[in-house]
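Please walk through the model below, taking its surface, its helix packing and its charged pairs in turn.

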Amino acid sequence: MQILSGTTDNELISIIIPVYNVEMYLAKCLDSIIKQSYSDFEVILINDGSVDNSLEICEQYVKKDKRFVLVDQDNGGVSKARNTGLLKAQGKYITFIDSDDTVDSRYLEILYKNIRSANANISMCTWNCEENVVYGKHHKPQCWNRQQTFFNMFKTKKIDGSVCSKLYCRECVENLFFNENLKIGEDQLFAIEAIERASKVVFQELPLYTYFIRTTSAMNSKLDARYWDVIYRAEWLVNKAENDLPEMRGLFRKEEINIYVTMIVRDIKSGTDESKKIVEYVWPRVKKAKCSEFVKYSNTYEFARFVLVKYFYTLACYLIKAKNR
């Protein structure tokens, strides 16, 4: 695998890990961190009121490795836990890892060398859902400005909106915190504001982060009241463009409508009372959206789905329901 030539004067990296009822996965996550080829790091474990054996597992790792630090707090949600980690972090660089995920042994090394060599503010890689991935093509690191980064987040989808699989310099996240009132999508808002502060982002298409998808996760559940947070995120995007990022107005507007279309598709699958309320709210906005504006910033899949829902809703219902039988 090809990486940028790096420096040897290593600096401290803070790894922030919220922990809540993950006793089945936690040890595997922490073992993958211990195996890192880059050793100058601290691990901040925030036990968020777990009622299983997660706290005991955290205590075991703190005892055997001085780089692990434990904060035990009452349950307040993942955003509050991450905010606690940010306040405690001492590193010049910060990364977030979820407690049921794992990372490649060179995760820190590659992200750090890339961010230093490119003199960037944020270093990113890709993720996968399978462990022991054999790397194929040797993708060279790419350097992006802010606009290019958002383009690759919302159109090409080379990167996602989570805060994981990314290494941030402290300046990008200083006094920046997660919205503790949101239950879904809070990390994308944080990531966008961090990118807004960045003058350069370096990205390497290597799957160094393994994301474990649980069938009980929010994005695999039926639409319920939590998904009003997703609507909030869509409207926040448009307001962010209007107030702070006017050059992103078209792209963020596209993403707003794309989120609404997703809600409509999810409603077809779930059909709950709450999902119908959500659709009543977003449907007029989808109907008003113009194809000429949407197509400029969407990929082929997004545009096809938008047209299908906007003009052929009955057919879309039939196709989606048939696919999920």
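In this predicted model, helix H13 (residues 313–323) contributes the most to a nonpolar surface patch, with three residues. The patch covers about 540 Å² and is made by Tyr311, Phe312, Leu315, Tyr318 and Leu319. Tyr311 itself sits in helix H12 (residues 300–311). Its relative accessibility is 48%, so Tyr311 counts as partly exposed.

Helix packing can be followed at the other end of the numbering. Helix H1 (residues 26–34) packs with helix H2 (residues 54–64) at an angle of about 20°, and their axes are 10 Å apart. Because angles under 35 degrees count as roughly parallel, H1 and H2 are roughly parallel to each other. The crossing in which H1 passes H2 is right-handed.

Next come the charged pairs. Side chains of opposite charge can pair when their charged atoms come close. The count comes to 20 salt bridges. One of them joins Glu11 to Lys92, with the closest N and O atoms 3.0 Å apart. Glu11 lies in the segment before strand S1 (13–19) and Lys92 in the loop between helix H3 (78–88) and strand S4 (93–96), so this pair ties together parts 81 residues apart in sequence. Glu11 counts as buried at 17% relative accessibility, whereas Lys92 is partly exposed at 41%.

Asp98 forms a salt bridge with Arg82, their closest N and O atoms being 2.9 Å apart. Asp98 is in the loop between S4 and strand S5 (102–103) and Arg82 is in helix H3, 16 residues apart. Both residues, Asp98 and Arg82, are buried.

Glu242 and Arg249 form a salt bridge with closest N and O atoms 3.0 Å apart. Salt bridges that share partners also join Lys157, Lys254, Glu255 and Glu302 into one network.

Technical notes. Residues numbered from 1 in each chain as written. Predicted model: local features only at pLDDT ≥ 70, side-chain atom pairs only at ≥ 80, totals over all residues. Heavy atoms only, no water. Patch = residues over 30% accessible without salt bridge, like charges linked within 9 Å, V, L, I, M, F, W, Y side chains within 5 Å. Areas by Shrake-Rupley, 256 points an atom, 1.4 Å probe, with all protein chains shown as cover. Salt bridge = Lys/Arg side-chain N within 4 Å of Asp/Glu carboxyl O. Helix = DSSP H or I, 4+ residues; strand = E, 2+ residues; numbered from the N terminus. Buried < 20%, exposed > 50% of the residue type's maximum accessible area, 1.4 Å probe, protein only. Axes fitted to C-alpha atoms, helices over the stretch in contact; angles between N-to-C directions. Parallel < 35°, antiparallel > 145°, perpendicular 65-115°, else oblique. Left-handed = near helix turned anticlockwise from the far one by under 90°.
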